[in-house]
Each structure stands twice: as structure tokens, then as C-alpha cells.
Amino acid sequence: MVSDEILRTHLQELRRGTVVVASLVALRRPNYGYALLQRLSDHGFPVDANTLYPLLRRLEEQGLLTSEWNTEESRPRKFYRTSEEGAAVLGRLLDDLATVQTSLDGLIEGADR
């Protein structure tokens, strides 16, 4: 039987790339970091804050997200949104993800190429 630690490691690796896609999808509507953490978790993408916030900064540096501060509330919050370039990259990533899923389905079903 496979140990829980081995399984946990492989699940973490599998989800690491999908969290970028999930974040770009979720941030098509503007949201702040903590709410994004909650939304991702609610949809089966549990992410630690120490992982998400550096990811958001990296995606913003790459031009895939934009951000702005909302100072109208008692506590200022930084809102993120998928940029136009981020939406284009997201489209390509979703296409590739669909191709990977099709390939996996073929392997699972035993189809020859």
C-alpha cells in the first residue's frame, strides 16, 4: 500500500500547476487574496496563504494579473484581476489541459495511437 506521504507529495505536485489556472479563472472577476483562498478551497484547490500570495505577485510581475488597492473600507485591500494577457494565457493553458485530459483518457481506456 502506498504511504499517505507519497500520495500527498504527488497530489501536491499535480495541483501545483493547476492552481495557476484556477487562480486565473477565479480572478476573471476581481477579488482580494483571502477571498481567493476561500474560493479556491471551496472548489477543491486548497492553497496555503504562504503559497498563494507569492504566486499572485509572480503572476502580476508577469503581466497576467493586474491589481489595485481599495481604500474605501476600514482596512485597505489589494484586489487582483486577470489581465487581457492573462486571459490569453489562460485560454492556451485550458486548451493544453483539455489535450492532456484527452491523452490521459486514451491511456486509461487503452486506446492505441
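Helices (DSSP runs of H or I, at least four residues) and strands (DSSP runs of E, at least two) are numbered from the N terminus. This is a predicted model, in which local features need pLDDT of at least 70 and side-chain atom pairs count only at pLDDT 80 or more, while totals for chains, interfaces and linings use all residues. Residues are numbered from 1 along each chain as its sequence is written, and side-chain values use heavy atoms, with hydrogens and water left out.

**View 1. The stretch of residues 27-90 carries a label from a database record.** UniProt, in an unreviewed entry, lists these residues as "domain: Transcription regulator PadR N-terminal". Positions from UniProt follow the numbering used here, feature names are shortened, and annotations may be inferred rather than shown by experiment.

**View 2. R8 and E5 join their side chains in a salt bridge.** Side chains of opposite charge can pair when their charged atoms come close. Here a salt bridge means a side-chain nitrogen of Lys or Arg within 4 Å of a carboxyl oxygen of Asp or Glu, and the model has 3 salt bridges by this rule. In this one, N and O are 2.6 Å apart. Both residues belong to helix α1 (residues 4-26), and because they are 3 residues apart, about one helical turn separates them. R8 is partly exposed at 48% relative accessibility, and E5 is also partly exposed at 48% (buried is under 20% relative accessible area, exposed is over 50%, and partly exposed is in between, with a 1.4 Å probe and protein chains only).

**View 3. E60 and K78 form a salt bridge between a helix and a strand.** Their closest N and O atoms are 3.4 Å apart. E60 sits in helix α3 (residues 49-61) and K78 in strand β3 (residues 77-82), so this pair ties together parts that are 18 residues apart in sequence. E60 is partly exposed at 25%, and K78 is partly exposed at 23%.

**View 4. Y32 and F79 make up an aromatic pair.** What describes such a pair? The distance of the centres and the angle of the planes do. Rings of Phe, Tyr and Trp (its six-membered ring) pair if their centres lie within 6.5 Å; planes under 30 degrees apart count as stacked, over 60 as edge-to-face and the rest as tilted. A search of the whole structure finds 1 aromatic pair. The ring centres of Y32 and F79 are 5.5 Å apart and the planes meet at 70°, so the pair is edge-to-face. Y32 in strand β1 (residues 31-32) and F79 in strand β3 are 47 residues apart, and their pairing links distant parts of the chain.

**View 5. R77 takes part in two contacts, with Y32 and with E73.** R77 lies over the face of Y32, 4.1 Å from the ring centre (a charge sits over a ring if NZ of Lys or CZ of Arg is within 6 Å of the ring centre and within 35 degrees of the ring normal). The side chain of R77 also meets that of E73 in a salt bridge, with N and O 3.7 Å apart. R77 is partly exposed at 23%, and E73 is partly exposed at 37%.
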